[in-house]
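Colleague: I am new to this structure. Please take me through how to read a few of its features.

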Amino acid sequence: MILTEFNFGSETLGMRAHLDVLIPQPPLHAETKPAFRVLYLLHGRSDDQSGWLRWTPTERYVDGLNLAVVMPYVHLSFYANMLHGGRYWDFVSEEVPALVRQLLPVSTRRADTYAAGLSMGGYGAFKLALAHPDRYAAAASLSGVMDVYEYMRNADDLPRDDAWRREMYAVFGDAENIPGSSNDLFHLANSAAQSAQPPRLFQCCGTEDHLLSSNRAFRNYLSRLPLDLTYREAAGIHDWNFWDPMFRQALQWMFA
């Protein structure tokens, strides 16, 4: 595998942006240009894109899958067009894929396009696939923030000068802005369920994770929709000891 780091001027964000990309190493004298499948792999709130390579043997996990792994850095944006900040949803859903297609030999077929992430990135991965079912074949969420409305309501109980509360309000504004909006996974799931070909979904959460109840609620909601959901729980909290083996399971599910 080849690890490539892209530092580029983002037109969407109006600043320098960063991508880490793993791509298979083609034969030296290949006569035809390869077309790799592509996985957009999204980081969590307290980390950056390098976490996948620092905390898991991602390179070994994807070896032999003919897969380019694209890991963008989105700061604390929750993969949203922030109320007070950058247009990170446009960045990750439009600009990054366009740049990847321009610079790398990746397939443009829906059947070859996937998303996965953990925590904030699990929310982002499901958001990509549910908002654009015509673009993504499957998505995986590891301990994802499935209900950002509930997440925001928890922030309401904190002091106004709390850093996490300020971050969340910079992204979404008031919690009442969430239901029925493009940031609401429940709303997006309803729309995706009515599409011609909804994406396959993999969702998991640790049984000691503080996000377990919202993951179960989202699972129960999706069970009433015509969506192909695989749901798994295992002992674990909100950390890499849970995410590493589950990431491997998600890849096996995704590319079986």
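Modeller: Start with contacts, which means heavy atoms within 4.5 Å. In this chain, 71% of the contacts with a separation of 6 or more are between residues 24 or more positions apart. The model is predicted, so local features need pLDDT of at least 70 and side-chain atom pairs count only at pLDDT 80 or more, while totals for chains, interfaces and linings use all residues. Residues are numbered from 1 along each chain as its sequence is written, and side-chain values use heavy atoms, leaving out hydrogens and water.

Colleague: How many helices and strands does the chain have?

Modeller: Both are DSSP runs numbered from the N terminus: helices are H or I, at least four residues, and strands are E, at least two. The chain has 9 helices and 8 strands.

Colleague: Why is the chain called as compact as a globular protein of its length?

Modeller: The radius of gyration is taken over C-alpha atoms, and the globule rule is 2.2 Å times the number of residues to the power 0.38. The chain's radius of gyration is 18 Å, close to the 18 Å from the rule for 256 residues, so the chain is as compact as a globular protein of that length.

Colleague: What share of the residues is buried?

Modeller: Buried means under 20% relative accessible area, exposed over 50%, and partly exposed in between, with a 1.4 Å probe and protein chains only. Buried residues are 56% of the 256. Met 1, at 23%, is partly exposed.

Colleague: Where is Met 1 found?

Modeller: Met 1 lies in the segment before strand S1 (2-10). Beyond its neighbours within four places in sequence, Met 1 has contacts including Leu 22, Glu 59 and Leu 67.
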